[in-house]
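Here's a quick briefing to read with the picture open beside you. Take it topic by topic and find each piece as you go.

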Amino acid sequence: STAFMQSYFTEINLRPVMRARGAMIEHFLGLGDAAIDQLRVAAPLGGRPRIGFIALTVADGTEGVALAAHMERLDRGRFEVRLYSMKAPSERIGALCHAAADTYVQLPGTIPDAVARLRNERLDMAVFFTNLTAGANALTLIAAHRVAPIQVSTCASPVTTGLRNMDVMQIGRAHV
């Protein structure tokens, strides 16, 4: 099954299960000749660090509210805040997130095109604000690729993603 939500409700350590899941996702993507690992060396910053917040949708709901809370607190004088999603932002939360970003880009509908677009954006950090662990949605497949030197999963994913290219799991308050 590609649905892993039921595994959240157990007392066992889910890390081995999720790592196996991550390996299966990478294997599946590799069958289509996807370049999952692309060397992304952190380069010296020429200005404000580019932080890309990436979501399937940006709208009213728990993930959207959490995204808005994180985005609106960033000092845009210190950081270049970018917003990416598969669907255009909508509703009140979508408008808040759009306003909190320096730029917004609607990602192409295919995984290879979305990965290429994100890689071309030259982000310093990619922050994934969709649950990457409940199922294998489009953003999970994108997150399996290296699209930025630092890749972050958030409170939207309640357990480890198991993906090799995910570097940080931010589940509390970030001090920046």
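Let's start with one term: a residue is buried if its relative accessible area is under 20%, exposed if over 50%, and partly exposed in between, using a 1.4 Å probe and protein chains only. By that rule, Glu121 is buried, with a relative accessible area of 10%. Across the 176 residues of the chain, 47% count as buried.

Some ground rules: this is a predicted model, where local features need pLDDT of at least 70, side-chain atom pairs count only at pLDDT 80 or more, and totals for chains, interfaces and linings use all residues. Residues are numbered from 1 along each chain as its sequence is written, and side-chain values use heavy atoms, with hydrogens and water left out.

**The overall layout**

- The chain has five helices and six strands; these are DSSP runs (helices: H or I, at least four residues; strands: E, at least two), numbered from the N terminus.

**How the strands line up**

- Strand 1 and strand 2 pair in the parallel sense over six bridges (strands pair if DSSP finds at least two bridges between them).
- Look for Gly52, which stands opposite Arg82 in strand 2.
- Strand 1 also runs parallel to strand 4 (residues 125-128), with four bridges joining them, and here Ile51 stands opposite Met125.
- Strand 1 is mostly covered, as five of its six residues are buried.
- Strand 2 pairs with strand 3 too, in the parallel sense over four bridges, and Tyr84 stands opposite Val105 in strand 3.

**Crossovers and helix packing**

- Strand 1, helix 2 and strand 2 make a right-handed β-α-β unit; right-handed means that, with the strands pointing away from the viewer, the path from the first strand over the helix to the second runs clockwise.
- Another right-handed β-α-β unit is made by strand 2, helix 3 and strand 3.
- Helix 2 and helix 3 pack at an angle of about 25 degrees, with their axes 9 Å apart. That makes the two helices roughly parallel (angles under 35 degrees count as roughly parallel, over 145 as roughly antiparallel, 65 to 115 as roughly perpendicular and the rest as oblique).
- For these values, axes are lines fitted to C-alpha atoms, for helices over the stretch in contact, and angles run from 0 to 180 degrees between N-to-C directions.

**Salt bridges**

- A search of the whole structure finds six salt bridges, each one a side-chain nitrogen of Lys or Arg within 4 Å of a carboxyl oxygen of Asp or Glu.
- One of them joins Asp102 and Arg76 (3.2 Å, N to O). Asp102 lies in the loop between helix 3 (91-100) and strand 3 (103-106) and Arg76 in the loop between helix 2 (62-71) and strand 2 (80-85), so this pair ties together parts that are 26 residues apart in sequence.
- Both partners are partly exposed: Asp102 has a relative accessible area of 30% and Arg76 is at 32%.
- Arg82 and Glu80 also form a salt bridge (2.6 Å, N to O), and both of these residues are buried.
- Buried Glu121 bridges to Arg117, with the closest N and O atoms 2.9 Å apart, while Arg117 is partly exposed at 34%.
- A network of salt bridges links Arg50, Glu80, Arg82, Arg117 and Glu121.
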